[in-house]
Structures are given as C-alpha cells and as structure tokens.
Amino acid sequence: GGGGGGGPNAGSTRNMTEKQKVERRERNREHAKRSRVRKKFLLESLQQSVNALQQENEKLRSAIKEHLNPQQADSLLSQCSTKAGPLIASDPNDATRILDDPDYSLVKALQTAQQNFVITDPSLPDNPIVFASQGFLSLTGYQLDQVLGRNCRFLQGPQTDPKAVEKIRNAVADGIDASVCLLNYRIDGSTFWNQFFVAPLRDSDGQVVNYVGVQCKVSEDFARAIAQSEGAEKGGLKDLSNA
C-alpha cells in the first residue's frame, strides 16, 4: 500500500537481475490467483451474481404464471430447474466464512465500505499483493494484473519519504500495526498524499497469514499537519503540483 513492507525475503531483491524479478513476480501472480483471500472475493462476487440471476428468475416465473393459463404455466415451469449448481454456496455465509475470524472482520468491513486496500501474503517472496480492491485500482490508475504478485513499493517515487517507508517495513517485520502519511505515485506519474495503515491478519493459531494495507488520499494541508505533529518535516511537501 505504498510503503512496501518487504517480508522475510525482501533483502534479496537488491541482488536480483531484472529478469529474475520479472520471473518472481510471475510466480507470485500465479500464487495470488490461487490464494484463499482472492478465491473468497471471487466466490462472493459470483454469489452476488447468482443471487441477482435467481431474483430475475423469480420475476420471470411470476410473469409466466400471470400471462399464461395455469396448465401452460405449470408445463413450462416444470421444464426449468430451480436448483443452483454445486459450485455455488447455498448459504451466502459460506462464501464469507474465511472472514469470520476476528482479524478478517476488518477486511469484510473494508470491502463493505468500498475502501482502497490491498492484501499481501508474507509467505511468498517479497510479500506480494494477492488482492487489490477496485478503490485501490481507481486511486492509483493500475489494472489488477499490473499489481498482483508485486510488492507495494511500486507506489513509491523520488519524493517519497524513506523514513515513512522504513516505519512500514519495520511494522511488517515485527507483525504490528502502523500508520504513516507519505507521498505516493500513480501509474501516470502524478502524486497523491496517502494516509496509509497496515495491519497483520492472523489465523486462529495467532500466526500472521496476510497483511492488509489501507490507502486514504488526503490533502497536502493534512499531510503537512501530520508531519508537524510528528515533529518532523517530510520531504516533498513543497512541490505537489501533480497532486
């Protein structure tokens, strides 16, 4: 989410060739496509589509009963199956069971509120993004395929404060929450101030299985106030013509 917390294997990035980085990103992207978090969101989206289709189906059945005589209507409707296929959860809650763990309720709330956020997987090399919300993509200008499998550091640029990045990296390494305000870059090179929050997501055994990074676009004045309240002037505050 802009800070680029690296995870356990981040240090090796500096010694990798560009080809090796690309190959690793492709491997991470494949892992991301199979990750449980991404599957959950896809399943939930599919469930919503099925629910909508079922509602349309009920409207159609009602229209048939209304406009045809009872015998014709019964004959026609008897040929229509009303059961959903086995790939669809019969109970919508089944699709979101993964988020019923205490930590995952945060992700559920973020999704419901349509926030800008990403989820990363620290078990993969370089702690890559395995899910990005539509809000995040709209804010940064990237397509989903352009961010899956990559560490969040691609949002950094020349004027991003290294101290803010270090704070995020340390929080990820220690498995704790952190919040920083830093300058990030969209795909077109324009900048925005990001009040960024990162938090570990733990399983029932207390092990960190994912990180969630939440992005909140803020004004230059807000960023300046944050910098002053922390007693440190952040680099790049004076040149925000692209924000």
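What is the volume of the second largest pocket?

1. Basis. This is a predicted model: local features need pLDDT of at least 70, side-chain atom pairs count only at pLDDT 80 or more, and totals for chains, interfaces and linings use all residues. Residues are numbered from 1 along each chain as its sequence is written, and side-chain values use heavy atoms, without hydrogens or water.

2. Pocket. The volume of the second largest pocket is about 220 Å³. On a 1 Å grid over the protein atoms alone, a pocket is an open set of points where a 1.4 Å probe fits, with protein on both sides within 12 Å along at least five of seven lines. The volume is the space filled by probe spheres set on the points.

3. Lining. 13 residues line this pocket; R24, R25, D126, N151 and R153 lie nearest its centre. Lining residues have an atom within 4 Å of a point. The classes are 3 nonpolar, 4 polar (Gly counts here) and 6 charged. Domain 1 (17-81) and domain 2 (114-235) each supply at least three lining residues.

4. 5 strands make an open antiparallel sheet, ordered 2-1-5-4-3. Strand 2 (129-132) and strand 3 (178-185) are the edges, each pairing on one side only. Strands are DSSP E runs of at least two residues; pairing takes at least two DSSP bridges.

5. Strand 3. Strand 3 pairs with strand 4 (residues 191-202) over 8 bridges, in the antiparallel sense. S179 has F197 of strand 4 as its bridge partner.

How values were computed
Domain bounds come from an automatic or database domain assignment. Helices (H or I, at least four residues) and strands (E, at least two) are DSSP runs, numbered from the N terminus.
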